[in-house]
Amino acid sequence: MEFKRATTLKGEIRVPGDKSISHRAVMFGALSEGTTEVTNFLKGADCLSTIDCFRRLGIEIENTPERILIHGRGLHGLQAPSQILDTGNSGTTTRLICGILCAQPFESTLNGDASIQTRPMKRIMLPLSQMGADITSLKGNGCAPLHIVGRPLHGIQYHSPVASAQVKSAILLAGLYADSETSVIEPALSRNHSEIMLNYFGATVTTEGTTATIQPNPVLTGQKVEVPGDISSATYFIAAALMIPDSEILIKNVGVNPTRDGILRVCKAMGADIILQNASFDKGEPTADLLVRSGKALRGTTIGGDLIPTLIDELPMIAVLACFAEGTTVIRDAQELKVKESNRIDIVVNNLKAMGADITATDDGMIIEGGQPLHGAVLDSYHDHRIAMSFAIAALAADGVTTIRNAECVNISYPTFYEDLDRLTRG
């Protein structure tokens with residue numbers, strides 16, 4: 001797919017529903033008594049993989065244009081699947097569903113695409129095994145495919161070596177079925193959608209600092225869930241408006257959960273003009289409209305430490321944005337980028353170098369010297385949706401033509417991304 005420089009971006013947009021919350025709404029709804037109604041559900045490939053897996057586990061799920069209806073069967077109502085559970089490209093589906101499956105009275109096998117088969121699963125296998133789970137990597141490499149034999153579980157206190165919402169959530173979901181309370185202690189606070197939503201559905205989850213604790217055997221009840229706009233998806237338009245002169249975009253109803261709003265904090269540190277309007281707080285998830293305007297000179301900044309878990313998915317786009325800032329931007333403590341859908345450190349650095357950027361990879365991030373004009377290039381997304389979207393935005397602020405191979409992978413999280421982007425470039 002080819003992209004050219006844009007002269008301006010103008011307009012109002014609503015980004016798709018938050019991916020993390022959409023996944024969890026299906027999972028928690030399936031484990032609840034009664035029906036859960038989800039609006040603004042993200043109908044990207046990853047979240048559709050979650051729906052498919054729970055249908056194979058005996059859950060009736062209606063997917064209509066207006067809403068998703070999950071007819072829950074309670075905490076112990078899942079049925080043994082007759083086929084392998086295919087999680088597609090979704091790390092969230094793969095890791096979280098393991099926490100549920102390891103407590104069921106049946107065996108199951110799950111697998112995903114080539115990317116999932118390289119992503120590290122030992123980070124969940126270890127704590128779940130400590131709880132009594134029988135979970136095996138069939139290739140013996142700590143990756144999918146995984147075979148799970150359901151077992152009775154007991155509560156643990158787990159010190160996670162990584163700040164990962166997927167790891168934390170898998171353990172908390174297993175904790176629903178344990179014989180005593182289960183706690184997860186993180187080195188830094190990861191996104192807390194599971195804690196918020198589990199409480200909303202009727203579980204008892206408490207948090208203190210970076211420790212989350214769940215009580216076992218609650219009765220979950222179906223709820224109405226309105227999914228806010230995904231701040232990760234909004235990031236591309238935030239960056240575009242800041243990079244392209246004479247731009248102004250209003251992004252409606254975006255989730256601004258403090259465990260996810262690192263992109264806003266980074267933009268503020270860089271001197272960006274972003275105003276939050278119509279802020280609200282509903283069912284534990286804060287939202288706001290984001291008014292983003294170009295015009296202010298951006299400056300480099302340092303991104304690391306506890307900030308990283310709040311913007312890990314946004315770092316490829318932040319690296320591009322840093323090319324348009326004055327001075328040096330340093331991204332550190334971001335080793336997790338190496339084990340996402342692709343090695344995002346290497347790919348971001350190599351693609352930006354191909355466009356003329358002054359950027360250097362480090363063991364845990366990258367260093368970007370801003371102010372070098374970008375030019376078009378032939379780039380590969382490596383089937384990584386966040387790489388494709390980040391470099392589509394980079395192309396709008398670069399001279400010449402940029403070609404992105406395998407650009408259709410945006411369907412994983414944002415099927416209408418290119419249509420929305422085209423509409424804003426037309427004003």
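A crossing of two helices is termed left-handed if the near helix is turned anticlockwise from the far one by less than a right angle, and right-handed if clockwise. The structure is a predicted model, in which local features need pLDDT of at least 70, side-chain atom pairs count only at pLDDT 80 or more, and totals for chains, interfaces and linings use all residues. Residues are numbered from 1 along each chain as its sequence is written, and side-chain values use heavy atoms, with hydrogens and water left out.

Helices (DSSP runs of H or I, at least four residues) are numbered from the N terminus. The axes (lines fitted to C-alpha atoms over the stretch in contact, with angles from 0 to 180 degrees between N-to-C directions) of helix H11 (residues 385–396) and helix H12 (residues 417–425) come within 12 Å and cross at roughly 20°. H11 is therefore roughly parallel to H12 (angles under 35 degrees). The crossing of these two helices, H11 and H12, is right-handed. Contact (heavy atoms within 4.5 Å) joins Ala388, Met389, Ala392, Ile393 and Leu396 of H11 to Phe417, Tyr418, Leu421 and Thr425 of H12. By class, this contact of H11 with H12 has 8 nonpolar (Ala, Val, Leu, Ile, Met, Phe, Trp, Tyr, Cys and Pro), 1 polar and no charged residues (Asp, Glu, Lys and Arg being charged and the others, Gly among them, polar).

For helix H9 (residues 315–322) and H11, the axes come within 9 Å and cross at roughly 20°. H9 is therefore roughly parallel to H11, and the crossing of H9 with H11 is right-handed. Pro316, Met317 and Val320 in H9 meet Ile387, Ser390, Phe391, Ile393 and Ala394 in H11. The contact of H9 with H11 has 7 nonpolar, 1 polar and no charged residues.

Methods. Angles under 35 degrees count as roughly parallel, over 145 as roughly antiparallel, 65 to 115 as roughly perpendicular and the rest as oblique.
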